[in-house]
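Keep the sequence and the structure side by side as you read.

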Amino acid sequence: MKGSVVVCSLVAFLALVFSLASAYDPSPLQDFCVAINDTKTGVFVNGKFCQDPKLAKAEDFFFHVNPGNTDNPLGSKVTPVTVNEILGLNTLGISLARIDFAAGGLNPPHTHPRGTEILIVIEGELLVGFVSSNQDNNRLFTKVLNKGDVFVFPIGLIHFQLNVGHENALAIAGLSSQNPGVITIANAVFGSTPPISPEVLTKAFKVDKNIIAYLQKQFWYNNS
């Protein structure tokens, strides 16, 4: 009997600890939030400050999305609708993006470090896919989507969308964060500021240093 009480007490304690950890260590809503000792110099928080709810108005929950201009090197345009565009999304854990594609347009391999993406094709034909983690042997999950088809890209995994049709395409993506972030792989690896050491990239990609030098000199277009 005494042992059962101890076990129950331990389970209750662990449940309390984990609930407190969840309450006081939320998922990050930005790339980083460096701690400070002097609060007078504080500017950013994990998320955004909240105004008095009594001051909220309809415009705080509204945003109009125009078609994206796909006249660019990638032939695609991502129009995000996050907490930066709709302040009323703050603390709600959701956002979306409109993705326009010209014929042959590409939304290049990228990740969302803070959100899972669910995408629906409104018009056109898209080849989409994601790559699983190293622990899962980097398996490629890919499918051709048509109007009305839906596909999910798990949080943090590299994914892409390519318009394989002969006409323009349109998709809408929902994301499980008010600020999911985006890291375009080529831009981050070859276009970082300052540049990653060519020695690192040459060894990582197992190519000649001249190839790395060429890639680092390119203009890596940001379509979002």
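His159 is buried, with a relative accessible area of 1%; here buried means under 20% relative accessible area, exposed means over 50%, and partly exposed is in between, using a 1.4 Å probe and protein chains only. You will find His159 in strand S8, residues 158-163; helices (H or I, at least four residues) and strands (E, at least two) are DSSP runs, numbered from the N terminus. Before going further, please note that this is a predicted model, in which local features need pLDDT of at least 70 and side-chain atom pairs count only at pLDDT 80 or more, while totals for chains, interfaces and linings use all residues. Residues are numbered from 1 along each chain as its sequence is written, and side-chain values use heavy atoms, with hydrogens and water left out.

What does His159 touch, not counting residues up to four places away in sequence? Taking contact to mean heavy atoms within 4.5 Å, His159 touches Pro108, Pro109, His110, Thr111, His112, Glu117, Gly129, Phe130 and Phe153. With Glu117 there is also a side-chain to side-chain polar contact of 2.9 Å. A polar contact is a pair of N or O atoms within 3.5 Å; within protein, one must be able to donate a hydrogen and the other to accept it, and residues adjacent in sequence count only if both atoms are side-chain atoms.

Leaving aside neighbours within four places in sequence, Glu117 is in contact with residues including Ile99, Phe151, Val152, Gln161, Ala173 and Leu175. The side chain of Glu117 is also joined to that of His112 by a polar contact of 3.0 Å.

His112 sits in the loop between S3 and strand S4 (117-123), yet His112 is buried, at a relative accessible area of 10%. Among the residues that His112 touches beyond four places in sequence are Ile155, Gly156, Pro180, Gly181 and Val182. A further side-chain polar contact, of 3.5 Å, links His112 to His110.

These residues also turn up in a database record. UniProt, in an unreviewed entry, lists His110, His112, Glu117 and His159 under "binding site"; its positions are given in the numbering used here, feature names are shortened, and annotations may be inferred rather than shown by experiment. Although spread over 50 residues of sequence, the listed residues cluster in space, with a largest C-alpha distance of 11.7 Å. Of these residues, His110, His112 and Glu117 are included in the lining of the largest pocket. Another "binding site" annotation in the unreviewed UniProt entry covers Asn107, His112 and Glu117, and the lining of the largest pocket takes in Asn107, His112 and Glu117 from this set.

That brings us to the pocket itself. On a 1 Å grid over the protein atoms alone, a cavity is a set of points where a 1.4 Å probe fits but cannot get out, whereas a pocket is an open set with protein on both sides within 12 Å along at least five of seven lines; lining residues have an atom within 4 Å of a point. The largest pocket has a volume of about 440 Å³, a volume being the space filled by probe spheres set on the points, which are joined across faces, edges and corners. Its lining has 25 residues, and Pro80, His112, Gly181, Val182 and Ser224 lie nearest its centre. Strands S1 (76-81), S2 (95-101), S3 (106-111), S9 (169-175) and S10 (183-184) are the elements that give two or more residues to this lining. The largest share, 4 residues, comes from S2.

In the loop between S1 and S2 you will find Thr82, which is buried at a relative accessible area of 9%. Beyond four places in sequence, Thr82 is in contact with Leu89, Ser95, Gln178 and Pro180.

Now step back to the whole chain, which has 4 helices and 10 strands. Along the sequence they follow the pattern α-β-β-β-β-β-β-β-β-β-β-α-α-α. Of the 224 residues, 29% count as buried. Among contacts between residues at least 6 apart in sequence, 70% join residues at least 24 apart.
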